[in-house]
Amino acid sequence: MEKELIRSFLYPILHSPEYSHSFSDQFAFRPTGSTTSALIYLFHQITSLLQHNEYVHLIALDFSKAFDSVRHHTLMSKICTYPVPDCFHNWLADYLTSRTHQTTVLENKSTFLPINASIIQGSGLGPVCYIFNSSDLHALHPTNLLVKYADDTYLIVPGTNSSLIPNELNNITQWASANNLKLNINKSYEMIVHHPSKKLTYVPPLLEKIIRTHELTVLGVTFNSTLSFSQHVQNLIAKAATALYALKTLKAHGLQGRALWEVTQTTLMAQITYASPSWRGFIKAEEVARLKAILLEACRYGYLPADFLSFEGLLDSSDDSLFTATRYNPQHVLHQLLPPPKRTGYNLRFRGHGLTLSVIPSEYMRKNFVNRMLYSDIYINPNIFWT
């Protein structure tokens, strides 16, 4: 029933043109949201900013126990600002009232005490309610950006706006305090992202209490300050070795045929292709070859059928599925990154996506998902520009 209520009353608000801007930087608990989409958006914005900035600040923010700290009355006051029916509002208010909590340690149990916070983890309504609670958290300056995946929040600031970072952090801290959350500065990290072929002529000063790092893991994907994913590939290879050993053990205990293939696809293949559209364009040919060798080994030992898709075929399939969903669904979370459809009165040759192509982006820009897909199925003459 909770999921049906979400589909009927809350999802329409996320897609409404009047309110969708409040959720455009949130990629969790939405019909088309995913970690892959969040990473694609993050890398797209960073590479775009690096076109006109020597470096970009990427700050990973940590909120302490965010899901447990959401005040019920604060949540209800925010939901009141959206067009929900009175019956649903009253039902949700009743759903959140008279909640109690008990702690159990071995055979000892505490008395039940009332609670007036948390989004009721484990419920169908809880996750969606959290993104409504965080819908009013945005960057102060229009050229600074926030990327949110539930309570994982990332602040992107171009080098020209370095002086605005204290104001942005102060704004986030004040928002957190007003919403019964705590921004844990000591567990937040900053990384200065810059173009790999250009040496920094100026290194910005350290931020107060925020640790600066040269490598960061965002939503399970590791990359460094030059957007190199070598460490991520190394991590995938290590995980693959563990998965291959487990599959070898299962096969030795009698797991064969289709059952073994399905286990391999849901473990090994899911690991090495996780969020692949976001990082595929950034990895080197030798790194692709190392990942490809894992798939070949799995096929050689019978963990996958001999006619299984190649590694490139798997990545192509994932890219095409996501780009098609983005292209033809205006409500997709990544649709905002696409250029407008091309309008012309001429009978030109067919192009796969039919979107407007501007000046050909630099080689670095073409590594991100959107540009890579826009230019993947057409012949590009470097002396021709589309408008």
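**Ground rules.** I am working on a predicted model, where local features need pLDDT of at least 70, side-chain atom pairs count only at pLDDT 80 or more, and totals for chains, interfaces and linings use all residues. I number residues from 1 along each chain as its sequence is written, and I use heavy atoms for side-chain values, leaving out hydrogens and water.

**α9 and α11.** Helices here are DSSP runs of H or I with at least four residues, strands are E runs of at least two, and both are numbered from the N terminus. The axes of α9 (residues 257-272) and α11 (residues 285-300) come within 10 Å and cross at roughly 165°. Axes are lines fitted to C-alpha atoms, for helices over the stretch in contact, with angles from 0 to 180 degrees between N-to-C directions. I therefore call α9 and α11 roughly antiparallel (over 145 degrees; under 35 is roughly parallel, 65 to 115 roughly perpendicular, the rest oblique). From α9, Leu268, Met269 and Ile272 meet Leu291, Ile294, Leu295 and Ala298 of α11, where contact means heavy atoms within 4.5 Å.

**α4 and α6.** I then turned to α4 (residues 72-79) and α6 (residues 126-133), whose axes come within 9 Å and cross at roughly 70°. That makes α4 roughly perpendicular to α6. Thr74, Leu75, Lys78 and Ile79 in α4 meet Cys129, Phe132 and Asn133 in α6. This contact of α4 with α6 has 4 nonpolar, 2 polar and 1 charged residues.

**Leu75.** I checked Leu75 in α4 and, at 1% relative accessibility, it counts as buried (under 20% relative accessible area; exposed is over 50%, partly exposed in between, with a 1.4 Å probe and protein chains only). Leaving aside neighbours within four places in sequence, Leu75 is in contact with Val70, Leu96, Cys129 and Asn133.

How values were computed
Nonpolar A, V, L, I, M, F, W, Y, C, P; charged D, E, K, R; others polar.
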